[in-house]
Structures are given as structure tokens and as C-alpha cells.
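This walk through the model starts with the chain as a whole and then turns to two of its ligands.

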Amino acid sequence: MFFNLFNCVASPAEIGYHIASKGILRGDGMIFYFSGTGNSLYVAREIASALRDEARSIPQAIHDASKAYEGERIGIVAPLYGYDVPEMVKRFMREAAFDTDYLFFVFTYGNRHGICSELACSRMASRGIEVAYTATIIMADNWLPGFDMDRQRMEDKGIEENLAAIVSDLCGKVRRIERATEAGRAEFAEYLELGIEYSGETLQGFLHMVGERCVGCGTCARVCPAGCIALKDGRAQRDSLAGLGCNGCLACIHACPAHAIEMELPEINPAARFRNEHVGIAELMEANSQYNSID
Ligand SMILES: Cc1cc2nc3c(=O)[nH]c(=O)nc-3n(C[C@H](O)[C@H](O)[C@H](O)COP(=O)(O)O)c2cc1C
Ligand code: SF4
Ligand code: SF4
């Protein structure tokens, strides 16, 4: 997909980052993203390419010593897990210092987005940071207990048109916060009543490795954004409390070529797995790799 039409880069001179004094990472613009199966990576990459900014993976930026970022615009692109961003993204929002007058969020989701913009804005407001723009974009829903990946892949959700509209807004530095609908509020309230939590502890029994099917390829360990999987004696082992703690992203399940990882909850189509069609497995591994996760 190309966004040349928008011709939206204000200053096409030098793009990129440099470390300024006191460890502040400075650039024209920066797009941070978290992605389990490539949807958010694709969106972040397209936005970054249109704005001529650089996209940086949150699973890697979370290790930055200072997490102080300065730029003309700073964006966060993330999926919704239970109507809200993943735990690691929440942590990044708590720990990072964003020096910009244009902070924006783009949420990828598959079905319902509740009040995600309000949640992000109030999280940042509690740190005295104003959000300039938020948008949601519906894409394939990778939640295996709820959806058949083969069908999700076939559905036309208008992604290219919606993404083009978001890019156009961002190019024009439009200031707009997406307002929640009454239906969105009701579904979020209903969800809260279920009391579901996505933390390493609660996700310990979320999925299991089918040891005898594992071929020891290490894909799951490399694609895990939290460093929860290691190879032991040629087979993958997962500890949801290891590394940064499981985020429930399902990257490991979707990426396993041997279907050796399954969910504890019944899956709609256990034979079907998903990765965004524009994102290769190598790109996802590069984005998520936590190094040293394989012994
Ligand atoms: C644990 C989990 C919870 C999810 N919860 C929601 C949700 O509340 N609402 C929704 O519309 N999609 C939900 N999804 C679907 C993802 O938000 C959606 O597929 C997203 O685009 C995936 O992005 P990624 O490919 O970058 O990981 C959920 C997915 C997972 C794995
Ligand atoms: S991706 Fe699958 S086959 Fe490969 S190491 Fe992980 S569980 Fe085993
Ligand atoms: S163990 Fe699997 S579900 Fe948990 S963070 Fe790693 S890749 Fe995601």
C-alpha cells in the first residue's frame, strides 16, 4: 500500500533518531507499536512510511534505559485485549516521557472497541499529558476462542480505506479524540463485570504446549514479545511469569508451524491460525524478539 497521494511529510529532510543530551531519544516523529500477529505492526509500518517516521517495537523500547522521547509527533499503535491495550503497552505509557505536542493512538481491534480512546486519554491525563488524536481500525480478530481465522481472513473489513483515512488525518495533524458510543460503554461495563485480567499470573493456564508435536524450531520463543518461552531439550517450554510476563497476545500459538500450542478455552477452528498478510514471520520475530530467550 502506498500513501504517496497524501504528500504529507512537512519536512522531508533528515528523518530518523539521534540520542540528544541526557539520553533523550529525538526524532521528527516516532511510532511505537505492539503486535502479536502483525495487524498493529502493519498499521504502524504504513503510518511510519507515510509520515517518513520510524516505527519502533514496544517490546524492545521497553528496555530503553531512559524512555525519554521527543519529536514533532509521537504515536502508539496497539491491539485491544479485553477492550484495552496489552499490559506491556500500559507499562510503556506509565514509564515513558513523551515530549511532543502531537501524541496519538491508533487501536487495532477485531470486533468491539468499547471506550479504548477514553482509557488511553485518562491514563495519559493522569500524567499531565494531553492526547491529540485517537482512532480505531477494525481488522481480523485473532481471538481463537471467538473466531475462525479462515473466515476472518476472508472478511472485507475495509482496512485499506480506513487506514488511508487515518493516515490522512495524521498527515494533517488533525486533533480529534474518537468518542465512545453508548453501546461501547455498555459492552465495556458488561466486560468489566466478568473481572477478567490479562497478567502473567492469570495467563499461566491460558494455553498449553503439546510437547509431542513440538519440532523444536524456536519460532514461538522468538515471536514472543515478553520472553516467556525457551527451548529445553529440543522442546518449547513456557512460563508466563518469565521475562516481561505473558501478555496473552497469542503470537506463539498463531506462529507455531506444527500446531503444537493450543488454548485451554475451546477454539472455534483449531486448525486455523493467523498472521497479517503483509507481515512476514521474520519481521514479526525481529519486532518481538527478547534475545537470550533460547538456551
Ligand atoms: C487476548 C485477546 C483479547 C482480545 N480482545 C479483543 C477485544 O476486546 N475487542 C476486539 O475487538 N478485539 C479483541 N482482540 C482481537 C485483537 O485486538 C485484534 O485481532 C488485533 O488487531 C490484533 O493485533 P495484532 O495482530 O497486532 O496482534 C483480542 C485478541 C486477543 C489475543
Ligand atoms: S513454534 Fe511450535 S514447533 Fe516450534 S518450538 Fe515452538 S511449540 Fe515447538
Ligand atoms: S507466551 Fe505466547 S501469549 Fe504469552 S506473551 Fe508470549 S507469545 Fe504472547
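In this predicted model, the chain has 295 residues, and 43% of them are buried. A residue is called buried here if 20 or more other C-beta atoms lie within 10 Å of its own. The secondary structure of the chain consists of 10 helices and 11 strands. Among contacts in the chain with a separation of 6 or more, 79% are between residues 24 or more positions apart.

Next comes ligand 1. Its shell holds 27 residues, and those that come nearest are Ser35, Gly36, Asn39, Ser40 and Pro79. By type, the shell around ligand 1 contains 14 polar, 11 nonpolar and 2 charged residues. Two elements, helix H1 (39-51) and strand E6 (103-109), each supply at least two residues of this shell. The most come from H1, which gives 3 residues.

The last stop is ligand 3. Around ligand 3 there are 14 residues, of which Cys224, Cys246, Cys249, Ala251 and Cys252 are the closest. The shell around ligand 3 divides into 10 nonpolar, 3 polar and 1 charged residue.

Methods
Residues numbered from 1 in each chain as written. Chains lettered and ligands numbered in written order. Predicted model: local features only at pLDDT ≥ 70, side-chain atom pairs only at ≥ 80, totals over all residues. Near = placed C-beta within 6 Å. Nonpolar A, V, L, I, M, F, W, Y, C, P; charged D, E, K, R; others polar. Helix = DSSP H or I, 4+ residues; strand = E, 2+ residues; numbered from the N terminus. Buried ≥ 20, exposed ≤ 12 C-beta atoms within 10 Å, placed from the backbone. Contact = placed C-beta atoms within 7 Å.
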